[in-house]
Amino acid sequence: MNFIEKIKDHPIVPAPFSNARTIEKVAEARLPTEFGDFRIAGYRSMTSDEEFVCVYKGEFHQDVPALVRIHSQCLTGDVFHSTKCDCGPQLQRAMELIGREGRGAIVYQHQEGRGIGIINKIRAYALQDEGADTIEANERLGLGVDLRVYDQCVEILRELGMGKVRVMSNNPEKLKAMRDGGLTVVERVPLEFRPSKNTIKYLTTKKFQMGHLLRLVS
Ligand SMILES: [Zn+2]
């Protein structure tokens, strides 16, 4: 993955991007958590019905790299602690790292099941119970494999005042989104967990068919 390897030696500089404003912050408050005191801000898209939540800590400056994560909602993993995927542990680790560092932001986007919605995700899980992998299941339902877009999430990070980012993600598409949205990626911070018997098939598909950067999956 050339794009990712470049980060090691040279920061990935931003691509030209549109400066047009497409999100607005509508509310903000304090959010004390197990991982320290954060702030929570709610945003609305000005171009669709989509809503976003940003949980962040500290202040941001163009030249000081900040820890960031775009987390796509996973009701089963984030809330019900499902062991079918690694979303819940990734979110917790991201909060823990930001809490420890005292600075950083997580944009939580409501694109459940890579954008197919919770009901379709449960349908896909039923097909997985019969042996399909995560990609085949979506295809059999006539749904895209990954419908997510990240440009408005990146706009939120820019609006917070960020210029340089250390991206907590295993997904090359999310790194690319940062660059396409005008941020300089100075580091990728892996969020990896040893595969279990429940996650191994999902993680193997993610690594070999979707290009996710997972060193613990062979
Ligand atoms: Zn998940």
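Strand β4, which spans residues 66–72, is mostly covered in this predicted model, for seven of its seven residues are buried. The side chains divide between two directions: A66, V68, I70 and S72 point one way from the strand, while L67, R69 and H71 point the other way, and all of them are buried.

The neighbours of β4 can be followed through its bridges. With strand β5, made up of residues 104–109, β4 pairs in the parallel sense over five bridges; within that pairing R69 has I106 of β5 as its bridge partner, and S72 is partnered by Q109 of β5. With strand β6, residues 164–168, β4 again pairs in the parallel sense, here over three bridges, and A66 stands opposite V165 of β6.

These pairings belong to an open sheet of seven strands, in which the order runs β1-β2-β3-β5-β4-β6-β7 and the pairing is mixed. At the edges stand β1 (23–33) and β7 (184–189), and because each has a single partner strand, one side of each is left without a neighbour in the sheet. On average, and with direction ignored, neighbouring strands of this sheet are turned by 25° against each other. Helix α3 packs on the sheet, where it touches β1, β2 (36–45), β3 (51–57), β4, β5 and β6, and the direction of α3 makes about 160° with that of β4.

The loop between α2 (75–79) and α3 (87–101) contains H81. The phi angle of H81 is near 55°, a positive value in a residue other than glycine. Is H81 buried or exposed? A residue counts as exposed if 12 or fewer other C-beta atoms lie within 10 Å of its own, and H81, with 9 C-beta neighbours inside 10 Å, therefore counts as exposed. In β4, by contrast, H71 is among the buried residues.

Turning to the protein as a whole, its secondary structure comes to nine helices and seven strands. The radius of gyration is 17 Å, close to the 17 Å that the globule rule gives for 218 residues, so the protein is as compact as a globular protein of that length. Taken along the principal axes, the box filled by the C-alpha atoms is roughly 50 × 40 × 35 Å. Of the 218 residues, 32% count as buried, and among contacts with a separation of 6 or more, 60% are accounted for by residues 24 or more positions apart.

Definitions and conventions
Residues numbered from 1 in each chain as written. Predicted model: local features only at pLDDT ≥ 70, side-chain atom pairs only at ≥ 80, totals over all residues. Helix = DSSP H or I, 4+ residues; strand = E, 2+ residues; numbered from the N terminus. Rg over C-alpha atoms; globule rule 2.2 N^0.38 Å. Buried ≥ 20, exposed ≤ 12 C-beta atoms within 10 Å, placed from the backbone. Contact = placed C-beta atoms within 7 Å. Pairing = 2+ DSSP bridges. Axes fitted to C-alpha atoms, helices over the stretch in contact; angles between N-to-C directions.
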